[in-house]
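Here is a short briefing to read alongside the model. Take a look at the sequence and the structure first, and then we can walk through the details together.

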Amino acid sequence: MLRDKIEKHLLEVQKPSRYIGGEVGSINKDKSEVDVRFAFCFPDTYDIGMSHLGMKILYSLINERKNYWCERCFAPGIDFEEIMRKNKIPLYALESLDPIKNFDFIGFTMQYELSYTNVLNMLDLAGIPIFAKDRTDKLEQIVVAGGPCVCNPEPIADFFDLFILGEGEEVNLELMDLYYEMKKQGAGRLDFLRRASQIEGIYVPQFYKFSYKADNTIEKLEVSDNAPKTVRKRVIRDFDKVYYPENFVVPFTEIVHDRVSVEVLRGCIRGCRFCQAGFIYRPFREKSPETICSETKCLCENTGYDEVSLASLSTSDHSEIDSMLTQLIDYTAGERVNLSLPSLRVDNFSESLLEKIKKVRKSGLTFAAEGGTQRLRDVINKNVSEEEIMNTCKVAFEGGYSSVKLYFMMGLPTETDEDIIGIAELAQRIIDLFYSIENRPKGRQVQISVSCATFVPKPFTPFQFEPQDTPEEIERKQKLLLDSVKTKKIRVSYHDSNVSLLEAVLAKGDRRLCNVIYTAWKKGCKFDSWSEYYKFDKWLEAFEECGINPSFYANRRFEYDEILPWDHLDYLVTKEFFIRENKTAHKSVTTPNCRLRCSGCGVNKAVGRECFC
Amino acid sequence: MFLLRLRAIFEKTGRARYISHLDLNRCMLRVFRRSKLPVWYTEGFNPHPYYSFALALSLGFESRCEIMDFNIINDNITYDEIKNKLNAVMPEGMRVVSVAEQIKKITAITKAEYSFSLVSEDAEKLHDSVQELVNCPEILIDKKTKKGIKTVDIKPDMEVVSCEISDGSVNMIMRLPAGTQTNYNPTLFIEALKKVSVIPFEAQKICRMGILCENNEKFF
């Protein structure tokens with residue numbers, strides 16, 4: 001039995017409870033009563049994957065169906081992978097401990113580009129052919145993916161049978177129902193894929209063929225098998241009533257986000273021009289304070305967690321935030337539950353809001369300023385003024401905080417050295433502010449952490465056309481920032497520029513990158529997002545061997561009239577809007593948020609909803 | 001406020017034996033919260049339910065007799081009700097066997113009894129090696145302590161209750177010091193056996209079977 005084989009080696013690895021399941025809230029079913037089995041795979045370790053909210057939602061959603069069984073599967077750590085390969089233990093699901101190779105669906109959630117090689121590694125560990133074309137023509141082992149990265153799935157298109165665009169709550173069961181029906185009829189894989197491609201939100205890449213011009217840009221796209229010319233993402237209409245789990249799997253070992261998390265809203269009204277999440281999750285939809293409260297209560301009671309976090313892109317944009325927090329704090333304080341509120345915006349961080357947060361727990365304050373100067377913040381449409389940043393910090397310092405974390409991006413479009421020096425100057429002005437406050441926390445030093453990411457242009461943003469700075473230029477700017485900081489009260493951290501380069505290539509790449517990813521994985525690349533495992537030299541070799549120039553994708557401006565690798569996918573925000581916003585950005589002009597004025601992105605028109613104004 | 005000072009005896013078997021001692025703490029906190037029992041919370045800066053485990057259990061060991069002390073605010077609730085409420089929310093492999101008043105002090109614990117199987121190609125030969133080791137005048141072990149590695153003789157404190165061959169493996173029951181003074185883990189014996197055994201073997205199904213006081217009196 002596979003279980004015996006696993007247990008025989010479990011004590012040789014770190015944190016063995018990650019590999020054996022049996023957690024409270026995990027769902028076991030009688031195999032003889034199950035018709036369709038789904039392996040929900042997260043292409044990173046248990047500690048990270050178990051923190052992912054989407055998996056919790058879709059896991060419970062599928063398991064609500066008596067005859068469908070969804071199980072979890074994660075990338076094993078390096079130590080356990082070695083043992084698995086040596087002892088021929090195939091990748092298995094945590095509930096049944098059965099090999100996932102025999103499942104009907106093997107579904108990956110693609111959260112970040114740097115997890116692509118892990119997908120290949122997991123398929124290989126499972127004993128599933130890595131390329132879709134090498135799988136059998138039987139209706140079995142359908143390898144699918146969803147999540148934000150599939151808005152440009154071309155770099156991984158050859159490895160998947162189909163992609164699920166948009167919100168899984170809407171489409172996953174529909175897809176599984178079709179599979180179940182066709183399985184009963186004895187249909188084959190190709191028949192199933194043809195029918196699946198007719199479902200809104202399902203993209204079957206093998207029916208789409210690209211040809212390229214001499215300059216390597218896309219010449220045209222040919223669609224076969226009656227598949228739709230453009231595939232439109234799926235959207236939940238009534239977000240307040242959408243399915244939300246009543247229970248989470250509660251891990252034994254500590255995971256990254258070890259708490260209840262309740263989604264308060266989806267989408268974003270802000271329109272920061274670099275932010276992919278801000279566009280692909282549109283339209284903006286909220287849950288009512290009552291729904292949020294009852295979901296919180298239910299999950300806390302069922303899991304036994306004593307901490308809850310509100311999940312959204314920008315919690316303070318909830319139209320009824322005050323009522324929501326009042327009701328929530330009523331419950332959490334009485335039950336000794338900690339409430340944490342990530343994703344608060346600088347500009348509406350009011351004193352009364354801070355008072356409310358202080359009541360529950362004192363955690364760190366983090367602000368995403370993104371740009372060092374007002375001009376640059378206008379370019380990226382981060383509608384935050386220095387005055388607002390200063391006011392918020394003032395409120396925070398007076399409220400007893402003495403450390404602030406600031407997020408910035410480097411390499412943004414139109415950026416000059418002045419903008420980089422501006423980051424250091426802004427941090428210095430916050431320090432000066434701290435010492436100018438009479439009732440500042442006494443006896444403590446002010447500490448500003450400046451965390452500087454490298455700008456990665458992403459599909460479905462106004463900056464999708466933009467080139468990324470070369471690694472050399474980024475490194476020069478990083479050094480400039482370090483030289484501009486004159487005090488130890490400011491701590492600077494930044495990303496490896498070679499990692500950001502790969503991120504940009506994989507984000508904006510086309511189907512020709514599949515071979516590069518395959519080659520890099522063959523050379524031993526995996527866990528690329530873990531700095532200790534990142535092998536940039538191997539990636540460069542892979543690009544070289546496949547005759548692909550990474551600069552073509554990362555450091556080149558994509559023309560407005562060029563066919564983009566993701567143009568046939570419709571995330572409901574129009575390309576015209578992105579072009580308009582890109583031009584506006586280059587004039588350093590901002591676009592107000594959706595509540596103030598509709599900027600015509602097209603999403604509500606597409607789904608037939610009213611805009612705010 | 002009247003506090004019931006209670007002691008639960010629980011099993012930790014199957015998949016639950018991979019829950020580390022640190023994780024068990026977190027796990028139990030959530031068990032109490034799910035159970036909605038009126039457990040007593042500490043009154044410090046960071047209030048949390050009060051509970052403590054008598055002995056740590058090595059990762060991978062099973063147990064029939066883990067001891068957890070906790071307090072309940074008296075609510076006209078019977079021991080059986082408490083047991084059932086806890087069992088309703090326990091993870092797979094963990095089960096409360098009994099709940100009762102705390103009678104003996106935890107410091108009264110002096111020994112624990114373990115059972116385990118030694119699996120090899122030739123049980124007879126392995127059995128001979130075990131006998132030989134057991135009959136040695138001393139069994140010297142390098143034991144890791146907080147102050148570094150220390151050589152100890154486990155022989156005087158070790159008591160073999162049984163050692164027999166069945167189903168092709170050597171099954172042993174052994175008592176070793178446990179509690180606040182000295183703790184010897186059966187793996188110490190197993191490591192010593194690995195050094196002298198003529199054939200390779202593997203220790204399986206290590207299980208803590210009982211907790212004893214002075215004179216081999218049962219702790220509960």
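A:Phe460 sits in the loop between strand S17 (447–454) and helix H15 (471–484) of chain A. In this predicted model, the phi of A:Phe460 is near 60°, a positive value in a residue other than glycine. With a relative accessibility of 6%, A:Phe460 counts as buried.

**Backbone points to check**

- Most residues other than glycine have a negative phi, and most peptide bonds are trans.
- A:Leu97 also has a phi near 60°, a positive value in a residue other than glycine.
- The place of A:Leu97 is the loop between helix H4 (78–86) and strand S3 (105–109) of chain A, and at 4% relative accessibility A:Leu97 counts as buried.
- The peptide bond leading from A:Arg282 to A:Pro283 is cis, its omega being near 0°.
- A:Pro283 belongs to the loop between helix H8 (277–280) and strand S12 (285–286) of chain A.

**Helix H6 of chain A**

- Helix H6 of chain A covers residues 168–184, and its 17 residues should span 24 Å at 1.5 Å a residue. The C-alpha atoms at its ends are 24 Å apart, which agrees with that expectation.
- Buried residues of H6(A) include A:Gly168, A:Glu169, A:Val171, A:Asn172 and A:Leu173. Further along H6(A), A:Leu175, A:Met176, A:Leu178, A:Tyr179 and A:Met182 are buried too.
- Just after H6(A) comes A:Gly186, with a positive phi of about 75°.

**A cysteine in helix H17**

- A:Cys514 is part of helix H17 (residues 513–522) of chain A.
- Leaving aside residues up to four places away in sequence, A:Cys514 touches A:Glu154, A:Pro155, A:Ile156, A:Ala157, A:Asp158 and A:Phe159.
- A:Cys514 and A:Cys598 are 84 residues apart in sequence, and their C-alpha atoms are 39 Å apart in space.

**Salt bridges within the chains**

- Over all chains, the structure holds 64 salt bridges.
- In one of them, the side chains of A:Asp419 and A:Arg375 meet at 2.8 Å, N to O. This pair links distant parts of the chain, with A:Asp419 in helix H14 (residues 417–436) and A:Arg375 in helix H12 (residues 374–379) of chain A, 44 residues apart.
- A:Asp419 is buried, with a relative accessible area of 2%, whereas A:Arg375 counts as partly exposed at 33% relative accessibility.
- A:Asp469 and A:Lys477 form a salt bridge through their side chains, at 2.6 Å from N to O. Here A:Asp469 counts as partly exposed at 21% relative accessibility, and A:Lys477 counts as buried at 3%.
- In chain B, B:Glu62 forms a salt bridge with B:Arg17, and the closest N and O atoms are 3.5 Å apart. That pair also links distant parts of its chain: B:Glu62 is in strand S3 (residues 62–73) of chain B, and B:Arg17 is in the loop between strand S1 (3–12) and H1 of chain B, 45 residues apart.
- B:Glu62 is buried, with a relative accessible area of 16%, and B:Arg17 is buried with 18%.
- Salt bridges that share partners join A:Glu167, A:Glu169, A:Glu263, A:Arg266 and A:Arg285 into one network.

**Where the two chains meet**

- The size of an interface is often given as the accessible area lost when the parts come together.
- Between them, chain B and chain A bury about 2,100 Å², with 52% of it on carbon and sulfur atoms.
- B:Arg15, B:Tyr18 and B:Arg33 supply 37% of the area that chain B buries against chain A, more than any other three residues.
- The contact takes in 22 residues from chain B and 30 residues from chain A.
- How many salt bridges are there between chain B and chain A? The count is four. A:Glu301 and B:Lys36 have side chains that meet in a salt bridge, at 3.4 Å from N to O.
- There are 11 residue pairs in polar contact between chain B and chain A, both residues at pLDDT 80 or more.
- Helix H1 (residues 21–35) of chain B gives the most to the side of chain B that touches chain A, with seven residues.
- By class, that side of chain B has 10 nonpolar, two polar and 10 charged residues.

Terms used: Residues numbered from 1 in each chain as written. Chains lettered and ligands numbered in written order. Predicted model: local features only at pLDDT ≥ 70, side-chain atom pairs only at ≥ 80, totals over all residues. Heavy atoms only, no water. Contact = heavy atoms within 4.5 Å. Buried area = accessible area lost by both parts, 1.4 Å probe. Polar contact = N/O pair within 3.5 Å; in protein donor to acceptor, adjacent residues only side chain to side chain. Helix = DSSP H or I, 4+ residues; strand = E, 2+ residues; numbered from the N terminus. Nonpolar A, V, L, I, M, F, W, Y, C, P; charged D, E, K, R; others polar. Expected span 1.5 Å × (residues − 1). Buried < 20%, exposed > 50% of the residue type's maximum accessible area, 1.4 Å probe, protein only.
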